[in-house]
Amino acid sequence: MDREAEMERLEKSIQACKRCALWQTRTNPVIGEGSLSAGILFVGEAPGYYEDVKGRPFVGKAGKVLDELLESVGLQRNEVYIANVLKCRPPGNRNPTTEEIQACTPHLEAQLEIIQPEIIATLGNFSLAYLFDKFGLMKDKISKIHGKVFTVSTIAGIKIKKIIPMYHPAVATYNPRMKEVLREDFKVLCSQK
Ligand code: URA
């Protein structure tokens with residue numbers, strides 16, 4: 001099956017998903033968007049208010065920062081893929097629970113299997129924790145490992161080569177100096193393409 005058809009099938013199954021209770025409170029699932037043959041795939045945390053309303057990832061304040069960062073290295077949204085650990089918004093933007101992450105991440109894994117990106121950039125702590133665990137990497141403080149390139153070996157059906165941890169773009173909305181740190185990490189990301 002081709003990537004478009006596989007993603008369409010996955011989208012339908014996410015729309016109908018009731019593996020956790022979040023389908024009851026969300027407006028729209030936020031599946032992800034971008035190129036299905038992207039070399040770089042970003043994984044954020046979960047949809048917030050605007051993402052839930054629009055059904056698209058990173059379209060609020062943090063999304064504006066992400067767009068600026070992409071632009072700073074000459075990348076466009078349609079050249080990368082943007083997904084989240086959770087597809088449905090936790091009420092009030094609370095943190096995802098362990099049970100929700102367990103229930104939802106098979107969808108993310110299916111996206112990785114379809115897109116097969118070479119590089120995953122983790123945005124924020126939940127994405128870092130989940131993907132480092134999945135690929136058998138030792139987690140450390142984000143202040144120590146952001147912008148570093150971690151080489152990973154293929155696991156069942158997913159041929160990712162590198163994971164680059166990054167701060168969540170939202171940090172730059174309350175600490176503008178963090179934008180510079182993120183910009184430097186985006187340069188590293190771009191140098192790995
Ligand atoms: N924050 C995230 O982690 N993901 C989004 O899609 C929006 C905000």
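Biologist: Which residue in S6 is the bridge partner of threonine 151?

Modeller: This is a predicted model, in which local features need pLDDT of at least 70, side-chain atom pairs count only at pLDDT 80 or more, and totals for chains, interfaces and linings use all residues. Residues are numbered from 1 along each chain as its sequence is written, and side-chain values use heavy atoms, without hydrogens or water. In S6, the partner of threonine 151 is lysine 162.

Biologist: Which strands stand at the edges of the sheet?

Modeller: The open sheet has six strands in the order S1-S3-S2-S4-S6-S5, with mixed pairing (at least two DSSP bridges between two strands). Two of them have a single partner strand each, so one side of each is left without a neighbour in the sheet. These are strand S1 (33-34) and strand S5 (150-151).

Biologist: What is the volume of the largest cavity?

Modeller: A search of the whole structure finds one cavity (1 Å grid points where a 1.4 Å probe fits but cannot get out) of 30 Å³ or more. Its volume, the space filled by probe spheres set on the points, is about 100 Å³.

Biologist: Which helix gives the most to the lining of the largest cavity?

Modeller: The lining (residues with an atom within 4 Å of a point) comprises 13 residues, with Cys17, Cys20, Lys87, Cys88 and Cys104 nearest the centre of the cavity. With three residues, the greatest contribution from a helix (a DSSP run of H or I, at least four residues) is that of residues 98-115, helix H4.

Note on methods: On a 1 Å grid over the protein atoms alone, a cavity is a set of points where a 1.4 Å probe fits but cannot get out, and a pocket is an open set with protein on both sides within 12 Å along at least five of seven lines; lining residues have an atom within 4 Å of a point.
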